[in-house]
Amino acid sequence: DAPAPTEPSAPAPGTPREQLDAALQAANQALKDSEAALTAGDFAKYGEAQKRLNDALQKALEAEGALG
């Protein structure tokens with residue numbers, strides 16, 4: 001069994017630029033996952049992907065703010 005994905009509760013390590021890049025990559029993957037779930041008609045997975053997208057965008061905004 002693969003370990004279940006965990007959501008970090010602490011800020012991502014690294015510089016604000018690295019955090020921004022990681023958040024944008026996560027948002028991009030969440031968008032892809034949302035589209036795939038919607039195409040498959042899996043609304044539970046779509047909702048999960050949308051939550052991950054929202055979380056990633058929030059982290060991106062926080063990292064951008066830290067860049068000054």
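A residue is called buried when its relative accessible area is under 20%, exposed when that area is over 50%, and partly exposed in between. With this rule in hand, the reader may turn to the structure above, which is a predicted model.

Helix 1 comprises residues 16-40, and helix 2 comprises residues 43-67. Two packed helices are described by the angle between their axes and by the distance between those axes. For helix 1 and helix 2, the angle is about 160 degrees and the axes are 8 Å apart. An angle over 145 degrees counts as roughly antiparallel, and helix 1 and helix 2 are therefore roughly antiparallel to each other. Their crossing is left-handed. As for composition, the residues of the contact between helix 1 and helix 2 divide into 20 nonpolar, three polar and five charged.

How many salt bridges are counted? The count comes to two.

One of the salt bridges joins the side chains of Asp33 and Arg52, with a distance of 2.8 Å from N to O. Asp33 belongs to helix 1 and Arg52 to helix 2, so this pair ties together parts that are 19 residues apart in sequence. Are these residues buried or partly exposed? Asp33 has a relative accessible area of 27% and is partly exposed. Arg52, at 37% relative accessibility, is likewise counted as partly exposed.

Another salt bridge is formed by the side chains of Asp55 and Lys51, at 2.9 Å from N to O. Here both residues lie in helix 2, and because they are four residues apart in that helix, about one helical turn separates them. Asp55 has a relative accessibility of 24% and counts as partly exposed. Lys51, with 45% relative accessibility, also counts as partly exposed.

Terms used
Residues are numbered from 1 along each chain as its sequence is written. This is a predicted model: local features need pLDDT of at least 70, side-chain atom pairs count only at pLDDT 80 or more; totals for chains, interfaces and linings use all residues. Side-chain values use heavy atoms; hydrogens and water are left out. A salt bridge is a side-chain nitrogen of Lys or Arg within 4 Å of a carboxyl oxygen of Asp or Glu. Helices (H or I, at least four residues) and strands (E, at least two) are DSSP runs, numbered from the N terminus. Buried means under 20% relative accessible area, exposed over 50%, partly exposed in between (1.4 Å probe, protein chains only). Axes are lines fitted to C-alpha atoms, for helices over the stretch in contact, and angles run from 0 to 180 degrees between N-to-C directions. Angles under 35 degrees count as roughly parallel, over 145 as roughly antiparallel, 65 to 115 as roughly perpendicular and the rest as oblique. A crossing is left-handed if the near helix is turned anticlockwise from the far one by less than a right angle, and right-handed if clockwise. Ala, Val, Leu, Ile, Met, Phe, Trp, Tyr, Cys and Pro count as nonpolar, Asp, Glu, Lys and Arg as charged, and the others, Gly among them, as polar.
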